[in-house]
Amino acid sequence: MTLIANAIHKRQAFLAVDSRLTVDGNPVDESAIKNAYITCKRGKLLLGFAGIADIDDTPTIEWVLNEFSEVDFGKVSAREAMQLLGEKLTHYFQQTYYRRPPELIITASGWEDSQGKYPKLLSLANCLNGDGKLIRPDFEFKIVDYDIPPHGSKLIILGDLRVTSSKPFKKTISAVERLLGRSVNKLNDEILAGMVKLIALASSDPASTTINDYVRASRMDKTKEGIVYTSNSEKKSYSLPGFSTPNKTVSGITIKNDFVIGGTTIIGGPPR
């Protein structure tokens, strides 16, 4: 399992995740997309995942977008969309696995409403308890809401927590939390850089076998259109797959600029 860093303050949502996929502990893809976004009638969320590399022989992020393609985003909120995804994951895991199922965590940071009044930081997982702590994986997927103080901020780190105990990692967490607490837009790039550093530090931990040092990160404004992307300075830039157009299909997605393309049909793009 990899590591995900999600954060939010009253103006911005943030996400950072690495790009390695493993199967049975062995790396199978060093430049995978493990983050995305969704926009709905009432809200928008940045998504990241840690856990199984594919679902039903489909890359996990592609499977997620395929399932979202059946949701009418013109009618549901961002949280309701996540609940629907959880129901579909629960059904799939119950039908597919007979003993211990694999772990999967999907995190989301953003806003429940289009005006950005209600920030959300939540996870959808089969291996977290109500407090967001790792437990034995189950077949049922549940949402955990993380409390955000009014006009406050929050940072959560989920996934392979064995790699979060070093002094440099803890020091970087404290630095990011201090920056988040100031809720100042001019510090947003510094916050995102700190979150990239968290994943990079985790990748160099002796306990890490599933995390690499190619980190993708993004931030999203609560009211403005578009998303700011970044990655390790020595690596190439990337585009974040997203879904903002309802009732389309996704098949064999590829990434081009800021769009996810399934066949010849553009089904996603910058939040509107």
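The largest cavity holds about 60 Å³ of space. This is a predicted model, where local features need pLDDT of at least 70, side-chain atom pairs count only at pLDDT 80 or more, and totals for chains, interfaces and linings use all residues. Residues are numbered from 1 along each chain as its sequence is written, and side-chain values use heavy atoms, leaving out hydrogens and water.

**The cavity**
- A cavity here is a set of points on a 1 Å grid over the protein atoms alone where a 1.4 Å probe fits but cannot get out, and lining residues have an atom within 4 Å of a point.
- The count comes to 1 cavity of 30 Å³ or more.
- Its lining includes Met1, Arg20, Lys34, Phe49 and Thr210.
- Strands E3 (21-23) and E6 (43-51) each give two or more residues to that lining, and E6 has the largest share, with 3 residues.
- By class, you get 4 nonpolar, 4 polar and 2 charged lining residues (Asp, Glu, Lys and Arg count as charged; Gly is among the polar ones).

**Helix H2**
- Helices are DSSP runs (H or I, at least four residues), and strands are E runs of at least two.
- Among the H2 residues that are buried are Arg79, Met82, Leu85 and Phe93 (buried is under 20% relative accessible area, exposed over 50%, partly exposed in between, with a 1.4 Å probe and protein chains only).

**Arg99**
- Arg99 sits in the loop between H2 and strand E9 (104-111).
- Arg99 is exposed, at 75% relative accessible area.
- The C-alpha atoms of Arg99 and Asp138 are 9.4 Å apart, with the two residues 39 apart along the chain.

Methods
On a 1 Å grid over the protein atoms alone, a cavity is a set of points where a 1.4 Å probe fits but cannot get out, and a pocket is an open set with protein on both sides within 12 Å along at least five of seven lines; lining residues have an atom within 4 Å of a point. Grid points are joined across faces, edges and corners, and a volume is the space filled by probe spheres set on the points.
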